[in-house]
2 protein chains.
Amino acid sequence: MKKATIHDICDLTGLSSGTVSKYLNGGAIKEKNRILLADAIQKLNYHVDEYARGLITNKTKTVGILVSRLDNLFYSRMIFDIEEQLYRKGYATIIKESSYDIQKEQKSISWFISHRVDALIIFPISDRREDYKLLEEVDVPVIFLDNYVEGVDRDFILTNNEQISYEVTDCVIKKGHRHIAIIVDGNNAYTSNCRLKGFKRAFDDNNIGEENAKIYKINQSIDYAYKVGKEILSEKKVTAIFAANYISTVGCVYLLNELNISVPKTISIVGFDDIMITSLYRPKLTIVNQPMAEIAQKTVERLFELLAEPSLKKQVFILNSKLVHGQTIATI
Amino acid sequence: MKKATIHDICDLTGLSSGTVSKYLNGGAIKEKNRILLADAIQKLNYHVDEYARGLITNKTKTVGILVSRLDNLFYSRMIFDIEEQLYRKGYATIIKESSYDIQKEQKSISWFISHRVDALIIFPISDRREDYKLLEEVDVPVIFLDNYVEGVDRDFILTNNEQISYEVTDCVIKKGHRHIAIIVDGNNAYTSNCRLKGFKRAFDDNNIGEENAKIYKINQSIDYAYKVGKEILSEKKVTAIFAANYISTVGCVYLLNELNISVPKTISIVGFDDIMITSLYRPKLTIVNQPMAEIAQKTVERLFELLAEPSLKKQVFILNSKLVHGQTIATI
DNA sequence: TACCAAATATGAAACGATTCATTTTTTTCT
DNA sequence: AGAAAAAAATGAATCGTTTCATATTTGGTA
């Protein structure tokens, strides 16, 4: 049994392909024929072939999302929000992941272009302009999230990483801590650097030598974060940990739970991105929250602006994170 | 600047479309021409138009996944595993979600068919055969996960829900509990019923009247689970809760944390699907684990069997869950 | 050099929809 | 009823690939 096409409908109804097409796309059809067509479509179990349609219309009503890791709740939650909004507007979402593999990221971008997505949302994993060269000659709207890439003339939606990191660190210092460790992502170049910068600036502004600022870089694995956390705990002087991304926050909380470490008596901790953390873990973590819903909202909003007017001047949007106080910073 | 096509490559190289196509698909080409083509493709920033290709080859190298909720970690984790394996085999994954809306589920199935996915993976939300009628006349391989639909002649991959639920309940009863509450999903008809059946059978086998078995149905919202949990706590007689899916487990743990309830002294609890639960929450939860990696593995394996031989006789696979003991069942 | 088989290259037809200039049918008005 | 205007239907051309039967080139051998 072969898939039914428009021609089969023509044969069955005696109407022409143009009329069938008009029906499928909601044009004006005589009532008699409308019924005829509805019946035929039902009878033949007809489905539009979007590949044939896309070929000629040059629109696919499809948005690609390229994410580094799907099993990172920070990303998947945001994607969930974005998908939901796109669906409402009649767009389908195609999700692919790069797994922090630049080769795979490029293959995915290429795949998306070949599949003619109408727009592309990327959580970039590289900070080198040439890794996104592929996109330069392509006139698909692209929005980058979570990370900046110097020299790429596209839209970016970011959060005030340096500022919030400064705020966290300053707060910890003000509570009397002098030896503080920060855990950042080694891959996530630009964003990590911002968080580091804010961290260091707080040391400077409080006149504390930067040699007291212990910096740890991890890759995007909870296990690795766990190990690094252990290493930090063995550093006797350190009294506070700033887990400056979601993965390291989860890793540290696992660790503290596992070793039954009394928080904040033994060690103080601040986390990043509260997704199921403060609800599950006690004491309640002091944690930075990036405005995920807002980011999703802004992304979709901007996406449609770009779809309507692709030549809009590129912009960088910076949204504000919030520090939510729990009970995990001790006052010394 | 228009998108480059094969014809542009022909013009630039002086070769024919057939040759270009052969090159793109890895055929034998003279070295001289191979270089010529590589250069031209680079220069023109050419990308294959998969819509044109798909139209004629009738293959899209694409698998659709239709999931009820993406922000349910039990599903998203499994999808992550499946996506990973499909990627390795050169297939792209398109994810859509139904949000427990049957209309949306059907629209998505229709979308997938129109977009000619080579295969389809569905986490069904209905247990009525006619809700999947769309698929009957379609010769795309389909695998259903997590839930059975009576009368649908397709492959299913499930877990031993009744058996494991029996095991849990029996264990709780053996520890002296007589009044036990179970929370199941009201939507998730077949699977929930299995879990309920096992629950009740344990009561019967232990000669405890079923009036002691308190049954609570929730929809797929953590907040609702939280509320139901509260209601259960107010039932003075109940000494143990069996949160028989991931959402209700999370909801209950939130609640117990929030109210600072001493577990298992005040109440005993068993959960379902340990994703970030036992690592974050103390005391360590006694919890049922479905073999997520195995399910993903089996799904992909079966998918490729069906792709190779679509007329294979349909099967129902049942994998085994495991009860992992923690410290949340009190002995009375 | 001439011949032949193997290796490459050619290009028209096909895939299944939409488009749009043209034709046919229906409606409205006198 | 007949003419004009409006509405609906027609169908050939088109989108950018792959396919495959045919034609051309290559290079080894007599």
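In the predicted model, DNA strand C is surrounded by 27 residues, of which A:I6, A:S21, B:S16, B:T19 and B:N33 are the closest. Of the atoms of DNA strand C that come within 4 Å of the protein, 69% belong to sugar and phosphate.

In chain A, a backbone N or O atom of A:I6 lies 2.4 Å from a phosphate oxygen of DNA strand C. The side chain of A:S21 places an N or O atom 2.7 Å from a phosphate oxygen of DNA strand C.

The largest share comes from α4(A), which supplies 5 residues. Classified by residue type, the surface near DNA strand C comprises 12 polar, 10 nonpolar and 5 charged residues.

The relation between the two protein chains was also examined. Chain A is superposed on chain B by a rotation of 180 degrees with 0.0 Å of shift along the axis, at an RMSD of 0.0 Å. This is the relation of a two-fold axis. Both copies use the same surface, since 100% of the contact residues of chain A recur in chain B.

Note on methods
Residues are numbered from 1 along each chain as its sequence is written. Chains are lettered from A and ligands numbered from 1 in the order in which they are written. This is a predicted model: local features need pLDDT of at least 70, side-chain atom pairs count only at pLDDT 80 or more; totals for chains, interfaces and linings use all residues. Side-chain values use heavy atoms; hydrogens and water are left out. A residue is near a molecule or strand if one of its heavy atoms lies within 4 Å of it. A polar contact is a pair of N or O atoms within 3.5 Å; within protein, one must be able to donate a hydrogen and the other to accept it, and residues adjacent in sequence count only if both atoms are side-chain atoms. Helices (H or I, at least four residues) and strands (E, at least two) are DSSP runs, numbered from the N terminus. Ala, Val, Leu, Ile, Met, Phe, Trp, Tyr, Cys and Pro count as nonpolar, Asp, Glu, Lys and Arg as charged, and the others, Gly among them, as polar. Copies are superposed by least squares on the C-alpha atoms of residues with pLDDT of at least 70 in both. Contact means heavy atoms within 4.5 Å.
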